[in-house]
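User: I'm new to this one and would like to learn how to read it. Can you walk me through a few features?

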Amino acid sequence: RNSSTNNKPTTEKMEDHYALIDGNRLPKEMPCEAESMVKGDSREYAIAAASILAKVSRDRLMHEYDALYPAYGLAKHKGYPTAAHMAKVKHIGASPIHRR
């Protein structure tokens, strides 16, 4: 991260960070202090904003993947396991981007 007054990177310690996690569990090895928050996207603006950014990024990525793997219809269902998507995976198999 750069300071607004110069282009030199700032040095921040992980103890200077705090993570808000949407859900009821924290990852086991968080590098900083953290708090889990059930339904965090409806209770905390930062979590809601992060959720929107993540979904927009995922949707854009799915459009890019759709160009590489058009048979799966990734631009349409954005990678969600819809019945049509699961039928395609069953029929032609998983692509390199599918979870194993």
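User: Which residues does His77 touch, not counting residues up to four places away in sequence?

Analyst: A quick note before that: this is a predicted model, where local features need pLDDT of at least 70, side-chain atom pairs count only at pLDDT 80 or more, and totals for chains, interfaces and linings use all residues. Residues are numbered from 1 along each chain as its sequence is written, and side-chain values use heavy atoms, with hydrogens and water left out. Now, contact means heavy atoms within 4.5 Å. With residues up to four places away in sequence set aside, His77 touches Tyr72, Thr82 and His85.

User: And which side chain does the side chain of His77 make a polar contact with?

Analyst: A polar contact is a pair of N or O atoms within 3.5 Å; within protein, one must be able to donate a hydrogen and the other to accept it, and residues adjacent in sequence count only if both atoms are side-chain atoms. Here the partner is the side chain of His85, at 3.0 Å. A polar atom of the His77 side chain also lies 3.2 Å from the backbone oxygen of Gly73.

User: Is His77 buried or exposed?

Analyst: Buried means under 20% relative accessible area, exposed over 50%, and partly exposed in between (1.4 Å probe, protein chains only). His77 has 11% relative accessibility, so it counts as buried. Lys39 has 59%, so that residue counts as exposed.

User: Where is Lys39 found?

Analyst: Lys39 is in the loop between β2 and α1 (40-43). Helices (H or I, at least four residues) and strands (E, at least two) are DSSP runs, numbered from the N terminus. Lys39 also has a positive phi of about 55°, although it is not a glycine.
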